[in-house]
Every structure is written in structure tokens, then in C-alpha cells.
Amino acid sequence: MTDHTIEDLLSDDEPTETPDDGDARTDGGSVTSPFDVVSQYEETRRDRYRKLYDAYVYAPVSIIWKDWRARIGFTIVAFYLLMGTVGPLLVDEAVVAEGPALAQPFENWAYPLGTDDMGRDLFSQVVNATPEMLKMITSGALFTVIVGTTVGGIAGYKGGTADTVLSSITDVFINIPAFPLVMVLALLLPIGGNPWVIGILLCVASWGGLARAIRSQVLTLRQEPFIEAARAIGVPTPKIVFKEIIPHLMPFVVINLTNAARRVIFEAAALYYLGILPFENLNWGVTLNLAYTAGAHYRPQALHWFIVPMVAIVFISIGLILLGQSLDRVFNPRVRARHEKTTEATEDPEEGDGTNTDVVGGL
Amino acid sequence: MTISQTDYESSSAKGETIMEIRNASVSFDMERGDSRVLDSVDLDVHRNEVLGVVGESGSGKSMLASALLDAIVDPGVLTGDVTYYPKNETPVDVLDLDKQELKEFRWEQVSMVFQGAMSSFNPVRKISTHFIETLNAHDYNVEEGMERAQQLLRDLYLDPERVLDAYPHELSGGMKQRALIALSLILEPEVLVMDEPTAALDLLMQRSIISLLQQIQERYDLTIVFITHDLPLIADLTDRIAVMYAFEVAELGPTEEMLERPAHPYTRLLLKSTPNLESPIDEMQPVEGSAPDPVNVPTGCSFHPRCPLADDTCKMNDPEAYNVDATHHVHCHHWEESADAIPMTESSTSVESPTDRIDRPTTRATRRSGDQPLVSLDDVEVHFEKEKGFFDFFSDPETVKAVDGISLDIYEQDAVVLVGESGCGKTTLGKAAVGLQRPTGGSINYRGEDIWDVHDSGGSGTLDWGEIRRSLQIVHQDPGSSLNPHRRVKTSLEEPLKRWHDDLDGNDRKQRILGLLDHVGMSPPEDYFERYPHQLSGGEQQRVAIIRAMLMNPDLILADEPVSALDVSLRVEMMDLMIQLQEMFDTSYLFISHDLSNARYIAEKTGGRIGVVYLGELVEIGPPEQILHNPQHPYTQALRWATPELELAAGMGDDQTGGSPIRNIDIPDPTNPPSGCHYHTRCPEAREVCKTDSPASYQASDAESHRAACFRTLEDHEYWNSDSIVDEEESFDG
């Protein structure tokens with residue numbers, strides 16, 4: 001790949017060679033010739049920020065934008081995020097008798113998705129329930145992934161007693177029947193409708209499977225030569241686990257993140273529907289429950305009451321799945337390298353042909 | 001690249017042609033362009049010959065093998081003609097056969113042995129099932145077929161009852177490979193195509209299989225096409241050799257011609273770059289540059305970017321076949337000048353005596369044996385306990401003695417090369433020496449302190465664990481997996497500096513790394529700095545891995561087969577680089593190699609020692625001249641025999657030309673090693689006393705550092721009065 005040969009090297013470096021100073025160098029304090037090379041290259045702060053921007057913002061976004069799944073998923077999730085943040089400011093809370101009872105959707109733009117039997121605007125109900133749902137999703141999904149990855153990663157890497165203890169705890173949580181536990185805890189604990197706590201509560205037993213899967217992956221990865229090399233360099237254990245090993249598992253972790261998020265949505269809706277979770281405001285699940293008790297499933301004129309919250313649930317779920325599936329490309333170094341301006345720009349064309357372009361066909 | 005038909009007709013007059021390839025091309029349609037992985041190849045295979053096809057990885061040699069059977073995988077497209085000439089029958093156009101005919105043609109006429117015997121057998125079925133299925137699928141009589149199978153297995157020195165009744169995992173790699181050869185011969189094919197059949201095996205096993213192939217070929221009147229990257233390996237076996245470069249045949253000729261008077265510059269350079277035991281090490285030169293990409297093959301002669309003889313003609317015109325003589329063809333415009341331009345220095349067939357080498361220092365290890373060793377291994381044992389099943393609860397656990405009592409001193413600026421078969425414990429020993437594997441017995445001392453004592457006590461003495469960790473580094477075998485694929489070259493190389501030189505800021509770190517990258521020939525370094533490992537070639541990845549170890553400024557580096565994953569033409573270059581870095585950084589090396597020629601290259605260039613490991617024991621250690629030319633232990637002699645020579649058996653001593661110096665091809669089960677001297681089951685010199693007594697390490701010759709663990713080095717040992725246990729009947733090859 002390079003034009004240099006050993007002869008060139010030898011002749012180049014003769015002047016820099018230092019005499020053997022034998023015993024003096026017993027530790028790593030003094031370092032010889034190649035380190036004395038003065039670089040003509042100063043990296044400025046601006047360069048560094050440009051590279052950081054390139055690696056963490058530009059490349060991921062440009063990768064995502066090449067994939068239709070990601071575009072759709074990203075758009076859906078962004079829409080829900082907007083609905084959860086800006087939405088409540090624009091749309092007033094639903095109040096009783098703001099319109100006629102059971103108005104059909106798309107009839108009147110004052111209540112575009114129709115109303116329920118008490119004349120409350122369904123669109124407003126959906127929008128105003130979104131912030132609370134998003135908080136639940138965030139806390140639940142992050143809790144699952146963080147606990148699962150940490151426990152699984154450490155158990156797999158450390159082995160021995162740490163593994164035995166952590167794996168036993170994991171097994172206990174896997175074997176607890178999750179739904180009844182959540183029901184009992186929801187009734188016992190004074191959660192008072194705090195969405196962050198509810199999110200964690202819904203996921204309290206769901207991290208076990210992820211931890212087990214991560215552990216088995218780490219068990220194979222820890223045998224890899226590059227991990228052994230990191231150990232030989234003396235990199236501390238947490239850094240090895242989180243900087244060297246976990247990046248390999250990110251596609252898997254992200255899929256689990258979105259799955260955990262969907263699980264929170266479904267469980268929350270189910271528990272609100274069953275009336276187990278305490279609530280203060282109307283909510284997708286509560287709306288479903290009200291529609292059911294009002295017999296919406298057999299009254300055609302009330303059917304939209306049922307459908308509107310369901311569509312809200314299904315769409316965010318689809319959005320999350322598509323986004324999760326497409327994100328694994330972001331974590332693939334081959335794909336990343338192709339999308340970065342700085343890497344590409346400095347690559348000489350000859351070299352690129354030999355090593356890099358074999359993956360271009362993949363797009 | 002077209003050849004007039006007459007050329008080949010004249011050449012094939014000598015031997016009858018059995019397969020004929022004309023203008024065969026294979027192309028893969030890729031989005032970045034048409035990838036030609038076989039480019040207008042013309043080749044004749046003669047009846048009952050052994051044709052060697054040699055090329056570096058990615059030269060299209062496996063595609064040639066697949067083309068012979070019309071077995072190119074989708075979406076590859078094969079064009080051209082492949083004709084098969086059965087005895088006394090009409091020729092068959094292989095590419096025109098329909099599915100049923102093709103099925104009969106493959107295996108019954110032409111069969112193939114693949115590279116990975118490990119994955120060629122279904123792990124949940126017995127070996128016999130594979131034979132029966134093959135026979136059934138081709139409507140052969142199973143009983144007759146199985147009798148033939150037993151005979152074949154016996155011919156390959158396998159116990160038919162045992163092998164047929166075994167599951168694949170119960171056989172060693174070499175046994176599986178031999179069973180696979182038997183399976184490929186079960187339908188009595190005329191032609192056997194072997195695609196790197198020995199690449200995954202040990203030297204000794206490779207060599208044994210090669211000599212078995214010679215016998216098999218004669219006995220069954222086979223035509224063999226042997227594809228390999230290892231030219232010396234097949235020098236004895238083949239009748240003709242074809243050298244492939246960049247998806248074309250570069251040169252074709254009789255083996256003797258090819259080795260002694262190669263005409264293509266590439267062949268000459270390849271021969272020169274191949275490490276071997278005989279030619280002086282200063283003559284070994286790497287081939288500069290690297291093989292071309294299949295999408296972007298250079299115009300004209302594909303070798304011209306790397307060729308010292310290239311001129312404008314080579315850039316414009318693809319050379320046709322020039323006839324050196326009736327049987328020797330070369331695709332080079334300047335073949336007549338190549339001999340003068342690239343001298344091969346006829347290496348003398350007589351063994352160079354050690355005293356001739358005045359330019360080389362006497363071994364440094366000898367020179368400073370009085371000094372305190374840098375790392376000293378004292379009776380180190382590493383035993384692995386096999387996991388016990390639930391029902392084995394009360395039985396004793398099975399232990400594998402990976403390292404069984406080895407003592408070794410490594411001095412500053414020393415180089416020790418460990419050689420041995422796979423599974424003999426050399427890697428485990430190496431990892432124990434650099435503190436990555438805790439020994440179960442004995443001690444490892446770094447500058448006089450037991451490293452595991454320091455580790456446990458948290459560094460109460462003059463040394464702490466971090467200091468030891470920094471001083472002992474490792475370079476792995478496979479460069480592809482020794483760098484984290486998710487981290488850039490930059491991040492990987494900054495890691496050691498961040499850890500051990502936290503006084504440096506980002507720019508200083510970068511300067512140092514750039515300086516080193518440039519130094520090892522990766523320029524422009526700013527470019528490589530930002531790359532991911534997959535954007536580097538294998539050689540470049542290995543350089544980065546070496547730099548990473550060097551940035552720690554270590555005292556000892558364990559290099560675990562650092563060149564065996566690289567192409568032959570790159571190996572010498574990489575070893576030169578490592579030796580040069582050693583001088584610069586004042587490190588010591590513990591090299592691990594399964595290849596005696598690489599070991600010799602390193603040891604001679606650095607004035608180090610070669611240690612031979614067998615079943616967890618260090619059986620012989622000494623300076624390379626002694627190990628190679630005066631081996632005392634019978635196992636070292638066997639390794640010496642197994643190392644292929646380029647000079648057509650001329651380099652071997654008289655006692656070795658006859659056949660293998662081992663009695664038993666297969667290595668004993670390491671969970672249950674033989675009593676006494678572990679080697680007595682395979683040793684041609686073994687006597688009764690070897691069964692019971694285990695030899696210690698004795699002074700083996702005048703060289704101070706030369707020691708061997710064999711009774712034969714002692715003049716007055718009871719060994720000489722003991723009865724020989726060698727039974728001529730059981731001897732493999734006897």
C-alpha cells in the first residue's frame with residue numbers, strides 16, 4: 001500500500017537513531033527518536049470542533065437520511081416530540097361540553113378528531129396526554145437499557161463471583177411475573193401519577209432479559225485480541241467495558257431501547273385501561289377505558305372514540321421500530337467512515353479504491 | 001492475453017491433456033464496477049501429473065479451482081471453455097453440462113478438497129455417514145464403497161474403524177483433513193482439485209500429508225491440481241507449477257525450471273521473499289507494493305507497478321505467453337533480462353557452517369548470560385481444568401497441562417523464538433510470560449520480582465503492577481481482530497499515551513503518533529490517523545498494532561505469530577520492521593511461530609535464540625545455527641525435516657531424504673500425555689527408558705545457551721543400554 005520500503009526507513013532514520021543507553025532506561029520516562037519528531041501540524045480548536053461535529057452530528061444524520069425507514073421513523077418520532085413539547089401550549093386542555101357529544105371526526109375544525117360522549121375534544125385529549133407518555137417512555141426505556149447493559153456487561157466481563165452474584169439477581173428478575181408485580185407495586189407505592197416513576201415501575205422486571213443477552217455477547221467479545229491488548233495496556237475495567245466492548249453491542253442495545261419504549265407504551269395503556277394506575281388527567285389508556293365502558297366497540301357512532309387513541313399508540317410504536325432498525329447503521333464503522341467529510345477528504349483516491357470502496361456497493 | 005493454440009499443443013505433446021481451460025474469465029458484477037477475479041486464463045492439466053498453482057491471497061487461484069468444476073458461486077459469471085478429456089471417450093464441455101450431468105461429473109470425475117476440513121464435515125453426523133451419503137447420492141454400491149473407504153483411510157495412516165465411527169469433533173485437524181481426502185477419493189475420480197488443503201494445519205502435519213499425497217497419487221493414478229500460497233511446500237510434490245498474479249497466470253513451467261530458472265520478475269521476487277532455512281538471510285527481500293484490486297487491475301502487464309523491469313511497453317501491452325522452451329511459458333515482455341536484473345544468487349546446496357557467519361555477532365544471550373534476566377520464568381506450569389459435567393461430580397477433573405514446567409530467561413534486547421505445533425502450549429507460555437495468563441505453578445519474575453506477588457500485594461516493593469503491565473506488551477496474530485473495529489487508528493493509538501503519559505496534551509500525542517506512523521512507512525500519516533481499521537490493509541493493521549505496543553515503551557513484547565496472517569511477500573518486510581523497532585526502542589521480543597524459517601530469520605537477524613516446545617515442555621533451546629544445523633532433540637530434527645526447502649530436497653541430509661523422522665503422524669492427546677519423555681510415542685530413537693524417565697534439560701553442544709531435553713545428549717546415560725521400542729512395522733513411511 002505504501003511506497004516505503006525498509007531500506008528507505010533505515011536510511012531515513014539513521015540520523016535520529018540514538019545510542020544505546022542501556023541501563024539508564026529502566027522505566028518509561030525517556031522515550032527516543034520517533035517521539036522527537038516535530039510535527040508541522042497544529043490542530044486548532046476549530047479543527048477539533050469541526051471533527052467532533054462531523055463525527056457526532058453530520059455523519060449520523062447523513063447516514064440516517066439515506067434510509068427510508070429512518071426517514072419515516074425519524075419523522076414520526078419528531079412529530080410526537082413536537083406534540084409533547086409544543087402541543088400542550090397550542091392546544092387547550094379538553095373540557096366537558098366544548099362541543100356536541102360524539103361528534104364525528106373531520107366534521108368541525110374546532111374538534112378535528114371528534115368528541116367523546118361528554119363533548120370533550122379527542123384531539124386535545126391525545127395531544128395533552130403526550131408529554132406524560134413521553135416522560136414515561138423515556139424513563140422506562142433508559143432504565144431498562146442502562147441497568148441491563150451495565151449489569152450484563154460487568155457480569156460478562158468480570159466473570160467469577162461478580163458474574164455469579166449479578167447473574168443470580170438477573171435470574172430472579174427474569175422469573176418474577178412482571179405484570180402482576182407492577183399491579184401490586186402500583187397500588188402499594190405512593191407514586192401519585194408521577195410519569196417518571198411510572199415509567200421505571202413498568203420496566204422494573206424487564207431489564208433481566210437484556211442483561212442476560214448482553215452478558216453472553218460480552219463473554220465472546222472479551223476473548224477478542226483487541227480486548228486483550230487493551231488489558232495489556234492497562235486500561236481500567238470500566239473503560240474497557242464501556243468504550244471497547246459496548247460499542248460493538250450498540251445496534252442490539254438500540255433495538256432493545258426502542259422495544260422497551262414500546263413496551264412502556266403498551267403496558268401503560270393497558271394498566272390505565274384496567275384502571276390500575278393512578279391518574280390525574282386524561283390519557284390514551286384512560287380514553288380507551290372510557291370508550292370501552294361507554295360501549296364504543298359496538299356503537300358505530302362512537303367508534304372513532306376508540307380508534308383515535310389506538311392510532312396514537314400504534315403510530316409512535318411504528319416510528320420507534322423503524323428508527324431503531326435504521327440506527328444500527330449509524331454504529332457501523334464502515335458506513336460511518338463513508339459519510340464523514342474529514343475522513344473522505346483526506347483519503348487519497350488510490351488507497352480508497354483498494355480498501356474502502358468495497359462497501360460502497362452496499363448502499 | 002491470448003495464446004496461439006499451437007503453443008500449447010506442442011507443450012502438451014509430452015503428457016496427455018486431461019483438462020483444458022481456454023480463455024476462462026470470472027467476473028462479479030459489483031456496483032462499483034465489474035470485478036474480474038479470473039482474467040482470460042489458459043491452462044492445460046496433464047494426465048497423472050501434479051500441477052501446483054501458486055499465488056498470494058486474492059490472486060484468483062481459488063476461482064481457478066472453482067472454474068475447473070464449474071462451481072463459481074453466484075453472482076459470479078464464468079465465461080470461456082473448460083474441457084474434460086476422459087480416457088478413450090469423447091471430450092466433455094464442462095460448462096455445457098446440465099444439472100444431473102454436472103452432479104455426476106463433480107466427484108465422480110473431478111473432486112475437490114476444500115481448505116477448512118473443520119467445516120466440511122457436519123458436526124452432528126459420524127464420519128461414516130458422510131461416506132455413505134456420498135455413495136448413495138451417486139448410486140454406488142455402499143458395501144463396496146465402504147470397503148474402498150477403509151482401504152483409503154488405511155493408506156492415509158488412519159485407523160478406519162475408529163475414524164468411521166467418530167464424530168468430527170473427536171478427530172484432530174490433521175485427521176479430519178485426511179478423512180476429507182479419503183472422502184473425495186471414494187468415487188474414484190480422475191482429477192483431484194485441492195484448494196489449500198493444508199493451510200490450517202501444522203508444519204509437521206502439512207509435510208506428512210504432502211508425502212502421503214505423493215503415495216496416494218501413484219497408487220490411484222490421480223491427476224492432482226494443488227492450489228496453495230506456499231511455494232516451498234509443494235516444491236517436492238509437483239511436476240509443474242503455475243504462478244498466478246492478479247487473476248492471470250504469470251508463469252507456467254516444470255517445477256525444476258521454475259525454481260532454478262524462473263523467468264517472470266514476480267516469480268523471482270516471490271522466491272526471494274520467501275523465508276527459508278538455507279539461503280542467507282540478507283538475500284531475502286520483500287516484494288514492494290501490493291496486489292491490485294480486482295475492479296482496478298493496471299492496464300498492460302498487471303505486474304508493472306511493482307516490477308523493477310517495467311517500461312512503457314509493459315504499461316501499454318498485456319504480455320502474451322513467451323516460450324522459454326517447449327514447456328515453460330512466461331507472460332513478460334522482458335523475461336530475457338529478468339535473470340540479470342533480479343539475481344537469485346544460486347544458494348549453495350551445502351549447508352553453510354556457522355563459522356562462515358563472521359558478520360553476525362555471537363548470540364547476545366550468550367554474551368550477557370551473567371546479567372540479571374529481564375523476565376525469568378521459573379518452572380512455570382499452566383494447567384487448565386476441564387469443566388466438569390453434572391454427573392462427573394465425584395470423578396477427578398481432567399486437566400490439560402498447557403505448560404508443564406518450563407524455565408526460561410529473557411534478557412534485555414534479547415529475542416527468543418518459540419516454535420512448536422499448535423496446541424503445544426507456546427501461546428499459553430507466552431501469555432504467562434507477559435502476565436496475561438496467571439500460571440498455576442512456578443513463578444514469573446520481572447527484574448527479580450515475582451509479578452504475581454506484586455499484583456496481589458498491590459505494589460509494596462520497588463515495582464508496582466502498573467509498571468509491570470506497561471513493560472510487558474503483546475502483538476497478536478490476526479491484525480484484523482487486534483484492533484477494535486469501532487475505533488479509529490487515532491483513538492487506538494492514543495490509548496497507551498493517555499494511560500501512561502497524561503502530561504501530554506492532544507497536540508503532543510498527535511505529534512508522537514504521526515511521527516511513528518510515518519516512521520513505519522504509513523504516509524501521509526495524517527491520512528492514516530483518521531482511518532478505521534477496515535480502511536487499512538492487513539500489513540498496515542499489523543503495523544498499527546505494533547506501534548500501539550511500542551508506544552508503551554515496553555521492555556518485552558510477546559509477538560504471537562505476528563506474520564503468519566500476512567501474505568508471503570509481506571512477511572520479510574514486517575519482520576525487518578520489528579527488528580528495526582527493537583533496536584530503536586531497546587525492547588526484547590518473545591516471538592511465537594509455527595514456522596522454522598520465520599523463526600530462523602528473526603533469530604539470526606537479532607542474534608537471539610530458538611526454543612522448541614512440545615506438549616508443554618521446552619525440549620530444546622539454542623542459537624539458530626545450532627538448532628538448524630546441529631539439532632539434538634529428535635523432535636527438532638522432525639521440525640527441521642518438515643520445513644519445506646526450495647532446492648528440491650537437495651538441502652536435506654542423507655538420513656532425512658528417505659522419509660519422515662516421526663513414527664506417528666498425530667500428536668498425542670494433551671489431556672493424557674505419554675509418560676516419561678512426552679515425545680517417546682513419536683520418536684524414532686526412543687528406547688525403554690524413555691517410557692519411564694523424563695529427561696531434564698542438558699547441555700547439548702559447545703554453544704553455551706544450547707540445551708536439549710533428551711537422554712541422547714548424555715554420553716553415559718542408561719539410555720544407551722536400554723532396548724529400542726521402535727518397531728519398524730508401525731513406522732509411518734517405513
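Predicted model: local features only at pLDDT ≥ 70, side-chain atom pairs only at ≥ 80, totals over all residues.
Chain A contains 16 helices and zero strands. It has 363 residues, of which 47% count as buried. Among its contacts with a separation of 6 or more, 69% join residues 24 or more positions apart.

The accessible surface of chain A amounts to about 17800 Å². Carbon and sulfur atoms account for 64% of that surface.

## Helix 12 of chain A

Helix 12 of chain A spans residues 284-293. Its buried residues are W284(A), G285(A), V286(A), T287(A), L288(A) and A291(A). The cover over these buried residues includes helix 3 (68-85), helix 5 (122-158), helix 11 (237-274) and helix 13 (303-327) of chain A.

After helix 12 of chain A comes G295(A), a residue with a positive phi, near 75°.

## Helix 12 of chain B

In chain B, helix 12 comprises residues 265-273, and T267(B) is found there. T267(B) has a relative accessible area of 1% and is therefore buried, since buried means under 20%. Apart from neighbours within four places in sequence, T267(B) is in contact with V243(B), E251(B), M258(B) and P262(B).

## Nonpolar cores

In soluble globular proteins, nonpolar side chains tend to be buried together. The largest nonpolar core here has 72 residues. Those with the most contacts inside this core are V417(B), L493(B), L517(B), L581(B), Y589(B), Y635(B) and Y679(B). Helix 24 of chain B (residues 568-585) gives the most to this core, contributing nine residues. Domain 1 (262-348) and domain 2 (625-645 + 666-733) of chain B both supply residues to the core, so it lies between them.

Leaving aside neighbours within four places in sequence, L517(B) is in contact with V489(B), L493(B), M522(B), P525(B), Y528(B), F529(B) and I547(B).

Methods:
Residues numbered from 1 in each chain as written. Chains lettered and ligands numbered in written order. Heavy atoms only, no water. Helix = DSSP H or I, 4+ residues; strand = E, 2+ residues; numbered from the N terminus. Buried < 20%, exposed > 50% of the residue type's maximum accessible area, 1.4 Å probe, protein only. Contact = heavy atoms within 4.5 Å. Areas by Shrake-Rupley, 256 points an atom, 1.4 Å probe, with all protein chains shown as cover. Core = buried A, V, L, I, M, F, W, Y, C linked by side-chain atoms within 4.5 Å. Domains from an automatic or database assignment.
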